[in-house]
Amino acid sequence: MLFDMKTIFLSLIVVSFLCSCSSLADDNLTIDDVSADSSITRFVASHQKSTWEVITAFPGRAIYFPIKYALKGFNSTIGWIDDEKIVQKIDDFLNSDDGRRGIRPTYSDQEGAGIKFYSKGLHHTDVDRNILKVYLSGREYGRQRYKITLLDFHPFRNGIDASLALQYRKLPTELFFGIGSDSKQSQRSGVTHEQSSAKITLGVNPLESIRINAVAGYDFNYTCSGKENNTPPITDFYSPEELPGLKEQVEMTHGLVEILFDSKNRPGNPTRGFDALFSSGIYQQTNGSEYGYLRYSADIRKYISLFFDRVLVIRMAVERNDPLSGRNIPFYSLAELGRIETIRGFERGRYRDQDMSLATVEYRYPVWRNWDEHGVDFLLFADAGQVTSDIFSELDTDSFKTGLGFGIRMWSQEGLTFRIEAGRSDDGWRMYFALN
Amino acid sequence: MNIKLKMQKISIYLLITVLSITVFMTGCSGNRLFIPPLPVPDDRNPVDKPAYRSAPNDFTDGFNQQFVLQGEQFTDLSRHIRNAKSAPKEAYNVDAFGEAPNSSWFTNRNAHKRLSIEEIIIGPGTGGGPDTSSVWTIIQAKAEGVTPGFTIIDSRGDKYVIKFDPIGYAGLNSGAEVIGSKLFYAAGYNVPENYITHFDPNILTLGAEVRFLDEMGRNRYMHEADLMEMLTRVDYLPSGLIRATASKYVPGKPLGPFRYRGMRKDDPNDFIPHQHRRELRGLRVMAAWLNHIDSKAANTMDTFIGNDGKGYVRHYLIDFGTILGSGGRGPQPTYRGYENELDPHAILLRTITLGLYTPKWERLPSEVKYPCIGRYYSDFYHPQKFKIIFPNPAYDNLTSQDGFWGAKLVMSFTDEQLRAVVAEAQYPDLEAAEYLLKTLIERRDKTGRYWFNRVNPLDDFRLIERPDDGSLWLRFTDLAVAAGLETEKSASYRYSIRVNGVKIESRHEVESSNHIPVKVLAVNQPAEFNNAQMEVMIEVKRDHQKKYGKWVKVYLEKTDQGLDIIGVTRQG
């Protein structure tokens with residue numbers, strides 16, 4: 001090797017020494033630099049650094065020299081980006097001046113990295129209506145999602161609004177551990193889930209904080225072995241006969257009624273109020289008669305302001321899937337625990353069964369604020385939940401799965417910008433990251 | 001192994017020896033006589049015009065102050081040794097009495113000789129503001145940010161920067177601008193003339209080829225439509241007029257901002273590092289009082305005063321739109337003045353205490369009671385704990401001496417002066433104006449109380465002749481008593497006298513009084529004390545204090561002409 005570490009280190013010390021010597025004179029003007037005015041010359045000379053200062057300041061300066069110039073280099077880069085208005089130009093290129101159209105980067109563990117394009121106020125003066133959103137995202141192993149949503153259209157004059165969502169997603173790295181709350185990590189297997197779906201929603205707001213939706217949807221599903229390396233395919237453990245929905249094309253339609261309450265004081269970092277979603281619906285197979293079930297779910301979050309923007313978030317969620325007589329539920333439609341939205345610390349799809357119950361306590365406190373327009377909160381959380389085949393007869397708090405952890409979330413006035421969380425469960429630590 | 005161990009031991013001994021010698025060298029002061037510092041040379045000598053330099057980028061400036069500079073200060077061992085010895089580097093431009101002489105930076109005004117109410121109202125003003133009876137020609141504009149702004153030329157040919165209040169906050173920025181310029185001027189700083197103006201928008205005319213920074217930050221030509229759009233983003237009075245601040249262009253040729261650190265290499269008059277200038281260090285005390293949280297290079301301006309290419313650089317503080325309760329685009333956020341914008345200490349403290357640590361500012365009301373005042377409180381105000389958006393190197397070097405000097409500026413303002421200045425802001429809400437006045441007074445008094453407790457507040461020393469026996473007495477003013485912060489009755493003073501380093505009198509108690517005579521014993525002994533130097537050390541104790549506080553030493557020299565006070569030093 002031309003330069004070994006020792007040479008580089010010694011060179012750094014020499015450079016640091018030379019530069020520190022010159023930078024020591026930062027505070028002092030040499031007498032030659034000033035005018036010939038003798039009073040100024042004498043005055044400047046009287047304020048030169050004393051020898052002991054030069055000696056004692058040297059080690060610190062020498063040590064700090066490389067750090068200082070690394071920071072300065074970083075600073076200059078940031079300054080150049082700001083001076084050249086690079087971010088503004090990119091933003092200008094990607095987003096329209098009036099804020100009606102734009103592109104945002106996105107990331108989630110399940111969908112991967114991608115972009116979100118939005119166009120607000122399509123053929124309408126009100127930018128909060130007629131919103132088009134297009135999502136494109138993907139990650140390794142061919143994981144991909146394409147989604148188009150048309151939101152808040154008003155086809156009728158009676159205040160009912162309509163939304164439409166079309167989605168295709170291929171998830172070749174989904175995991176399956178078996179059914180029931182005693183599923184083992186050793187049963188970990190990979191599954192590919194391919195889904196195309198369409199959903200139309202008609203909604204009305206009878207009160208400011210209440211919304212009622214009627215949803216009709218269709219989806220096409222297909223599952224086969226997973227593609228992730230080092231994860232045995234699901235077919236090594238189960239045959240299509242044993243696991244309903246495996247290696248089978250299943251077309252389902254559904255009809256749902258949703259009631260949403262939202263009394264949060266602000267969307268990005270609510271400190272008071274609550275939001276809740278109650279949903280009830282029927283799912284039926286259209287290309288056969290093997291699958292059909294009723295689904296009831298409730299998801300309630302209460303935001304309690306403790307003191308000075310310290311917030312306690314309490315969440316309770318339950319889901320019940322009740323097979324129609326003589327029919328089954330595809331395994332991928334079962335209730336699930338083990339995602340960032342459920343028990344943090346477990347892998348996605350860690351526990352599946354017909355019913356699910358979940359409780360979460362999250363304590364958020366601010367660590368940084370900028371004009372109350374942006375902020376960073378730190379959070380501590382505890383999640384607990386259970387999957388059961390019958391929530392009414394088998395619910396047992398002693399066998400609840402738990403996850404504990406912490407995280408950071410950055411918010412803006414519009415909503416959550418990103419979150420990084422780390423959860424610890426019986427299965428170990430897991431990190432989560434989400435953007436926009 | 002043994003050699004390695006020995007080398008390690010030798011290194012440690014060597015380090016300890018070097019440190020010990022250093023500390024010893026720095027600590028050797030002995031019983032020396034007072035040597036007055038060299039007089040500060042005038043910095044208004046005719047020199048060539050320095051080059052223009054633009055304002056530093058806000059991001060880089062902030063990052064530099066918050067991280068690069070803080071790291072540099074942290075790793076400077078000599079700084080830590082000085083601080084540990086309570087002997088920080090004092091400001092360079094001070095005379096033997098700890099005062100900053102007049103310069104291109106500062107002119108001693110209210111604290112030196114109290115300004116009349118008329119003088120303080122006029123402030124830096126030379127006229128009555130722009131002529132609103134005739135056309136204003138826009139020659140420059142900016143639309144970015146929440147509030148737009150113009151540069152205009154009025155019918156008299158004077159140039160003004162016109163700045164507006166945020167919508168819904170009439171008086172917020174404009175009031176702060178006017179109050180700031182008058183108070184900083186009266187304190188001694190160079191500031192622009194700021195006026196409240198009410199103008200008819202119809203007098204605005206777009207000049208030829210006006211460059212314009214639009215909302216997207218693009219520099220382009222401005223059109224009538226842009227002007228119309230900008231005027232939709234300002235508040236109108238019921239009369240149809242618009243209230244704004246008119247800030248007159250400062251005299252001289254602009255040279256860009258000055259930095260709070262280092263010197264301007266192309267200006268031979270700039271021979272004192274800015275972070276070691278008394279008026280910039282002491283500015284922190286004024287800034288704390290007035291909640292001037294944005295003391296950065298971009299809010300300063302150098303101009304070249306002179307003709308035929310020869311002159312000197314004058315240094316201005318500009319832009320007071322973000323002082324008091326104004327945040328520029330609305331009221332200040334509650335944390336301003338208490339934390340830096342990106343405050344590593346506060347972030348770390350909140351994180352590790354799991355949010356249980358609640359800084360005092362969090363207890364301030366979040367709602368704004370007076371929209372024209374914004375968030376300006378005296379509750380929880382602490383003169384020393386005040387923080388600006390990004391650290392300022394001159395403020396970081398503030399010593400007790402600088403703080404005392406700054407406090408004298410602050411305490412020089414009387415209630416009547418402040419009332420007159422607040423009235424000049426023409427606030428639309430009289431109750432709000434009263435609140436602001438009350439808060440200014442409360443914060444002023446807190447400032448004085450803090451610094452006059454921390455540093456001996458005896459000042460204004462003079463020799464007087466006693467009428468009965470003709471002997472000389474040293475008199476002083478107790479600034480804390482003079483300001484009404486303490487009572488005469490609560491104060492006890494004691495003094496010690498040394499002549500040529502020899503103790504003559506020790507710890508004599510003096511009667512409590514606003515002006516206390518201290519008898520100078522050596523005066524009538526000319527034979528052995530000719531050319532002798534006398535040191536009178538005075539200490540103060542208040543009734544609420546258990547022991548005497550810090551000393552002030554007054555130095556007198558007996559010459560053929562008589563006895564002179566040659567200097568004053570204070571314990572830091």
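In helix 8 of chain B, the residues L283(B), R284(B), V285(B), M286(B), A287(B), A288(B), W289(B) and L290(B) are buried, where buried means under 20% relative accessible area, exposed over 50% and partly exposed in between, with a 1.4 Å probe and protein chains only. Helices (H or I, at least four residues) and strands (E, at least two) are DSSP runs numbered from the N terminus. Because eight of the eight residues of this helix, which spans residues 283-290, are buried, helix 8 of chain B is largely enclosed by the rest of the structure. The residue that follows helix 8 of chain B is N291(B), whose phi is positive, near 55 degrees.

The model is predicted, so that local features need pLDDT of at least 70 and side-chain atom pairs count only at pLDDT 80 or more, while totals for chains, interfaces and linings use all residues. Residues are numbered from 1 along each chain as its sequence is written, chains are lettered from A and ligands numbered from 1 in the order in which they are written, and side-chain values use heavy atoms, with hydrogens and water left out.

**The interface**

Contact, meaning heavy atoms within 4.5 Å, joins 50 residues of chain A to 59 residues of chain B. The area buried between chain A and chain B is about 4,800 Å², of which carbon and sulfur atoms give 60%; buried area is the accessible area (1.4 Å probe) that two parts lose on being put together, summed over both. Between chain A and chain B the count is six salt bridges, each a side-chain nitrogen of Lys or Arg within 4 Å of a carboxyl oxygen of Asp or Glu. In one salt bridge, the side chains of R82(B) and E53(A) meet at 3.0 Å, N to O.

On the side of chain A that touches chain B, the elements that give two or more residues are helix 2 (38-46), helix 3 (51-83), helix 4 (86-94), strand 14 (355-370) and strand 15 (374-388) of chain A. Helix 3 of chain A gives the most to that side, with 17 residues.

**Aromatic pairs**

Over all chains the structure holds 39 aromatic pairs. Rings of Phe, Tyr and Trp (its six-membered ring) pair if their centres lie within 6.5 Å, and planes under 30 degrees apart count as stacked, over 60 as edge-to-face and the rest as tilted. Two edge-to-face pairs are set out here.

| Pair | Centre distance | Plane angle |
|---|---|---|
| F176(A) and F331(A) | 5.1 Å | 75 degrees |
| F150(B) and F164(B) | 5.6 Å | 85 degrees |

F176(A) lies in strand 5 of chain A and F331(A) in the loop between strand 11 (310-323) and strand 12 (335-337) of chain A, so the pair ties together parts that are 155 residues apart in sequence. F176(A) is buried, with a relative accessible area of 0%, and F331(A) is buried as well, with 2%. One aromatic cluster is formed by F176(A), F237(A), Y238(A), F331(A) and Y332(A).

In chain B, F150(B) in strand 3 (residues 149-153) and F164(B) in strand 4 (residues 159-164) are 14 residues apart, and both are buried.

**Two further buried residues**

D161(A) is found in strand 5 (residues 161-176) of chain A and, at 4% relative accessibility, counts as buried. G123(B), in the loop between helix 4 (117-122) and strand 2 (136-142) of chain B, counts as buried at 9% relative accessibility. G123(B) and K182(B) are 59 residues apart in sequence and 5.0 Å apart in space, C-alpha to C-alpha.
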